[in-house]
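Please read them with the structure open.

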Amino acid sequence: MSVNSKKAIVHHVEKACDSGSIKNALSERLTYAVGKDSITATERDWFFTAAYVVRDRLIDRWMETMRAYYDNDVKRIYYFSMEFLMGRSLMNSLHNLELDQPTLKALQELGVDLERLRDVEYDAALGNGGLGRLAACFLDSMATLNLPGYGYGIRYEYGMFQQRIESGRQVEHPDNWLRYGNPWEFSRPEVLYQVKFHGRVTEYTDDKGIARYQWMDTDDVMAMAHDTPIPGYGTRTVNNMRLWAAKSSRDFDLGYFNQGNYIKAVEDKDRSENLSKVLYPNDSTQMGHELRLKQQYFFTCASLQDILTRYLKDHDNFDALPDKVAIQLNDTHPAISIAELMRVLVDLHHLPWEKAWDITVRTFSYTNHTLMPEALETWPVGMFESILPRHLQIIYEINYRFLKEVQHKFPGDNDLLRRMSIIAEDGGKRIRMAHLATVGSHKVNGVAAIHTQLMKQTIFADFDHFYPGKIVNMTNGITPRRWLNQSNPPLTELISSRIGKDWIRDLGQLNKLVPLAEDKTFRQRFADIKRANKVHLAGLIKRKLDLDVSVDSLFDVQIKRIHEYKRQLLNVLHIITLYNRIRRGGECVPRTVIFGGKAAPGYAVAKLIIKLINDVADTVNNDPQVGGRLKVAFIPNYDVSSAEFIVPAADLSEQISTAGTEASGTGNMKLALNGALTIGTLDGANVEIGEEVGRDNIFIFGLTTDEVASLQAEGYQPLDYYNANAELREVLNMIGSGFFSPRQPDRFKPILDNLLQNGDKYLLLADYAAYIACQGEVEAAYRNQDVWVKKTILNVANMGKFSSDRTIAQYAKEIWGVKPIAGK
């Protein structure tokens with residue numbers, strides 16, 4: 001029996017969930033938790049009141065879940081991620097607890113609009129894009145599948161910046177998401193761990209003659225826990241997300257305070273607490289670079305201390321650690337935890353190196369999210385030596401022992417040793433974190449079939465050869481609870497009226513919709529729902545941009561992080577092509593092209609692409625010759641909540657990255673699940689989506705990964721495409737001549753230079769003609785609305801594979817060895 005279960009458990013009556021009880025609870029919490037009455041309460045007061053009432057009902061299940069984990073001494077999965085893009089929690093919790101209808105009724109009786117409360121809540125934007133949203137979906141699925149899962153990350157005081165568009169340009173503003181407090185979290189000041197930086201390492205010999213190492217004279221920061229309950233759908237399981245906030249190891253220096261130097265007295269405190277201040281500080285400076293590394297170590301060090309503290313409550317040695325603990329590294333950001341666990345086991349608990357290494361490798365697994373060598377994280381050895389001197393020694397020892405194995409298996413192949421080494425020697429010594437994560441994990445996974453295949457063929461080919469079977473595929477997925485049940489209630493209601501509600505937990509059941517694609521009544525209802533969703537989105541565009549768009553036009557959507565490889569620029573080239581055709585009297589299907597996404601603050605080219613989109617929009621939207629047949633809208637500050645508006649309204653989903661650059665993508669899944677047809681390359685999960693929905697129900701164009709590699713090997717010449725295609729040449733000349741920027745004709749010269757002079761790295765010009773032709777196929781299909789709607793229904797019906805439930809079940813079985821808790 002665990003230590004915790006020996007303590008007396010205080011039993012109480014579980015909170016009732018009928019509308020009358022919720023109504024009474026709302027009145028009580030408004031008075032006693034918020035300190036207001038119904039006369040003076042603002043919408044924010046009512047939001048907090050509703051959140052507290054929902055949270056109360058989460059807590060009963062949360063405590064029950066945690067006790068079950070302790071009492072059964074279960075193996076737990078710990079998901080380490082620098083990002084958790086959770087979005088808003090009120091509606092998600094209501095839907096997962098199936099309290100949405102009784103709460104709606106209770107609030108209505110009190111004269112309060114639940115939809116307005118939803119809009120009061122700040123997005124918890126503790127992530128940059130797909131990586132963080134994937135982590136959020138995975139936590140939802142772990143709870144829904146009754147798996148003992150925990151999320152570990154950082155409680156950033158400021159999340160992903162607020163994006164405003166000023167004169168067509170992105171301007172970043174702080175995202176103070178905690179300004180009014182966070183009703184979902186529980187601060188745990190008693191859960192506090194020391195995290196060390198800098199200092200020096202001394203070597204000594206213990207009484208058994210064994211060399212030991214002590215890390216001393218360090219700069220210390222404290223990590224304080226903040227817990228958020230994560231409810232599953234249709235189950236009593238409520239898991240935990242624990243985020244760490246940095247606290248100074250002391251509040252202030254009393255000596256300086258007594259001397260009257262108040263600024264100096266709190267200087268160290270402020271410097272320490274900056275660690276968890278902001279998500280992704282600009283790492284273009286040395287200080288920002290160091291802060292990123294410190295953030296990564298800060299949260300992994302605290303998380304490992306927390307995990308081991310929990311483990312040691314029931315165990316007196318570490319032999320069973322891999323049987324009770326599985327740690328998943330979401331990308332390389334938490335990879336330093338491999339060296340940290342070795343430090344704890346070897347330096348603090350004096351395990352022999354070989355035993356500690358065996359335990360470590362069997363505990364960790366690593367998810368790779370990129371194929372681009374420049375995106376694989378590396379750190380300068382000098383910086384590492386200053387900030388984490390003992391970890392550098394440990395990494396060198398790991399590398400030494402690993403390369404000995406490689407040399408033994410492949411003697412005399414020095415080039416192989418250079419390629420596989422954790423330490424890169426070219427252009428200054430750097431630590432390759434992907435190599436550390438691969439060597440230190442028992443499994444490494446890609447996130448789409450083609451991505452995993454390319455991992456084995458390209459950047460991880462040597463490791464796949466050396467560790468056959470270690471690299472496996474886990475195609476990403478999304479939670480249908482948020483991305484259909486919550487974000488698209490009318491479609492959810494239609495689907496459930498025909499096939500029942502079990503699909504919300506078993507997305508494969510959507511295939512029962514396949515015959516309904518031939519049902520005229522169902523098709524009409526499906527089309528009506530799509531149109532109603534477009535009306536809602538058109539209203540949002542009007543409010544945010546003061547732009548009128550036709551809901552009868554094709555809503556062509558590209559919503560994702562702004563990056564050259566995602567090729568928003570190719571989309572712009574198509575817009576200008578359409579614009580030119582319309583001005584020449586050509587016929588086209590009315591189209592509204594909708595963009596959303598943020599560019600990294602230091603990514604100049606991506607920010608210039610945003611400016612180009614808005615300049616093109618300003619020209620197209622105000623040209624009387626166009627007559628409303630083409631509109632362009634860039635929706636600012638794209639986040640989870642705005643995605644919940646945009647995704648259900650999309651007709652066409654733009655997934656047009658250069659083949660071989662997108663690991664998976666999950667936006668493609670969200671849009672297809674809500675009845676948007678995909679136009680895309682054979683990249684990432686597009687390949688598998690095409691296999692599931694059928695090639696007749698997806699629009700595929702462009703070079704394949706093999707063709708990309710061949711073209712680049714032959715010596716790609718973008719000017720050849722420019723000279724050979726009159727429409728393309730006209731479009732690029734318009735951009736380059738200042739047609740869209742008459743007051744600054746050379747504004748977009750860097751974009752033209754990248755395409756024509758600097759090699760067109762992402763092959764936009766090579767794929768342009770195929771993309772334009774494929775868009776022609778889209779127009780032809782859209783003209784026949786009956787056929788189009790059939791295609792959209794078949795997309796929805798065949799998206800069962802892309803549930804994060806399937807992904808997590810596969811992780812649990814093939815990588816983690818974690819089982820659901822019976823009876824939950």
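1. The side chain of Glu 654 makes a polar contact with the side chain of Gln 775, at 3.0 Å. A polar contact here is a pair of N or O atoms within 3.5 Å; within protein, one must be able to donate a hydrogen and the other to accept it, and residues adjacent in sequence count only if both atoms are side-chain atoms. Glu 654 lies in strand 22, residues 652–655. Helices (H or I, at least four residues) and strands (E, at least two) are DSSP runs, numbered from the N terminus.

2. On the basis of these notes: this is a predicted model, in which local features need pLDDT of at least 70, side-chain atom pairs count only at pLDDT 80 or more, and totals for chains, interfaces and linings use all residues. Residues are numbered from 1 along each chain as its sequence is written, and side-chain values use heavy atoms, with hydrogens and water left out.

3. A salt bridge is a side-chain nitrogen of Lys or Arg within 4 Å of a carboxyl oxygen of Asp or Glu. Leaving aside neighbours within four places in sequence, the residues in contact with Glu 654 include Asp 556, Lys 560, Asn 571 and Tyr 771. Contact means heavy atoms within 4.5 Å.

4. By the salt-bridge rule the count comes to 53. In one of these pairs, Lys 534 and Asp 651 meet at 2.7 Å, N to O. Lys 534 lies in helix 22 (residues 520–545) and Asp 651 in the loop between helix 25 and strand 22, so the pair ties together parts that are 117 residues apart in sequence. Both Lys 534 and Asp 651 are buried.

5. Glu 662 and Lys 566 also meet in a salt bridge, at 2.9 Å, N to O. Because Glu 662 is in the loop between strand 22 and helix 26 (667–673) and Lys 566 is in the loop between strand 19 and helix 23, this pair ties together parts 96 residues apart in sequence. Glu 662 is buried, with a relative accessible area of 14%, and Lys 566 is buried at 8%. Elsewhere, salt bridges that share partners join Arg 88, Glu 115, Arg 118, Asp 119 and Asp 123 into one network.

6. Lys 23 forms a salt bridge with Glu 109, the closest N and O atoms being 3.5 Å apart. The pair links distant parts of the chain, with Lys 23 in helix 2 (residues 19–34) and Glu 109 in helix 5 (residues 100–109), 86 residues apart. Lys 23 is partly exposed, with a relative accessible area of 27%, and Glu 109 is partly exposed at 44%.

7. Two backbone angles deserve a check. Most residues other than glycine have a negative phi. Phi of Arg 567 is near 60°, and Asn 637 has a positive phi of about 55°. Arg 567 lies in the loop between strand 19 (554–559) and helix 23 (568–583) and is buried, with a relative accessible area of 0%. Asn 637 is in the loop between strand 21 (630–635) and helix 25 (640–646) and is buried at 15%.

8. The largest nonpolar core has 205 residues, and those with the most contacts inside it are Trp 244, Phe 298 and Trp 816. A nonpolar core is a set of buried Ala, Val, Leu, Ile, Met, Phe, Trp, Tyr and Cys residues joined through side-chain atoms within 4.5 Å. Helix 3 (residues 43–72) gives the largest share of this core, 13 residues. Apart from it lies another core, of 68 residues, among them Leu 570, Tyr 579, Val 632 and Leu 728.

9. How many disulfides are there? The count comes to zero, a disulfide being a pair of cysteine sulfur atoms within 2.5 Å. For Cys 774, the nearest cysteine sulfur is that of Cys 588, 16 Å away. Cys 774 is buried, with a relative accessible area of 2%.

Technical notes:
Buried means under 20% relative accessible area, exposed over 50%, partly exposed in between (1.4 Å probe, protein chains only).
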